[in-house]
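Please look over the structure below.

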Amino acid sequence: YAAVAAQFDLYLSAIQDDAEFASLYDSYMPSGVSGSTLADNLALLSAVDIDDPSSINIYAGSFEDKSEIESVIKEYNNSVGEDKVIKYTDYVAVMLSGVNTMIDAVSYGLIAFVSVSLVVSSIMIGIITYISVLERIKEIGVLRAIGASKKDVSSVFTAETLIIGFCAGIFGVGISLLLCIPISAIIRSLSGINEIRAVLTPTAALILVGISILLTFIAGLIPAKMAAKKDPVLALRAE
């Protein structure tokens with residue numbers, strides 16, 4: 001480029017006539033001149049100016065550091081005007097939000113299946129309690145004959161359903177605790193993370209037992225009331 005420029009300078013220095021300069025201008029000058037400036041072209045080419053950055057990537061070493069950086073940015077934004085607010089995107093939060101959305105969708109599906117199974121099991125418990133009432137009609141008549149009230153008879157079957165619910169809840173919690181061991185081993189082998197494990201907390205276990213007792217109690221209300229309404233005389237004659 002330097003050699004070509006030198007030759008061009010020599011050529012121009014040898015020209016003495018302005019008309020020849022005008023001829024060169026008319027021959028080689030383009031018909032239109034671009035209106036773009038150097039700054040416009042640099043912006044179009046996405047040139048980076050270290051003194052005037054348009055974006056900055058911040059990499060945090062831990063979730064605690066990420067939270068601290070986010071709190072500092074929010075504190076700064078609250079102290080400046082709208083034109084100086086820092087607009088940022090937390091890519092980790094975006095990814096975690098997507099993962100949480102998928103986990104919630106799966107959880108809702110599992111909850112729907114569990115709800116259907118609970119309704120079906122409650123209906124079966126009610127049917128079993130009703131069959132128990134039919135098979136113990138004479139026992140109901142004896143209880144009424146020796147002075148038991150309708151409430152007492154109803155309490156007998158209600159207590160039985162509560163015991164069934166308690167035993168079922170304890171049985172289910174025990175199986176869940178046993179299943180946590182192989183599930184944790186499978187998760188660790190698939191993910192390669194030793195800290196991950198399935199856990200059933202004591203609070204969750206108590207809640208599950210309470211739900212089991214409540215469902216069986218509700219399922220046994222109608223059969224218990226039917227037993228309490230049995231006529232003592234007819235109940236004693238039943239075979």
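Lys 74 has a relative accessibility of 42%, so Lys 74 counts as partly exposed. Here buried means under 20% relative accessible area, exposed over 50%, and partly exposed in between (1.4 Å probe, protein chains only). Glu 70 is partly exposed too, at 23%. Glu 70 and Lys 74 form a salt bridge, with the closest N and O atoms 3.5 Å apart. A salt bridge is a side-chain nitrogen of Lys or Arg within 4 Å of a carboxyl oxygen of Asp or Glu. The two residues sit four apart in helix H4, so about one helical turn separates them. Helices (H or I, at least four residues) and strands (E, at least two) are DSSP runs, numbered from the N terminus.

**About the model**

This is a predicted model: local features need pLDDT of at least 70, side-chain atom pairs count only at pLDDT 80 or more, and totals for chains, interfaces and linings use all residues. Residues are numbered from 1 along each chain as its sequence is written, and side-chain values use heavy atoms, leaving out hydrogens and water.

**Pairs across the chain**

The structure holds four salt bridges. One of them joins the side chains of Lys 66 and Asp 90 (2.9 Å, N to O). Lys 66 lies in helix H4 and Asp 90 in the loop between H4 and H5, so the pair ties together parts 24 residues apart in sequence. Both Lys 66 and Asp 90 are buried.

Glu 160 and Arg 136 also meet in a salt bridge (2.7 Å, N to O). Glu 160 is partly exposed, at 27%, whereas Arg 136 is buried, at 18%.
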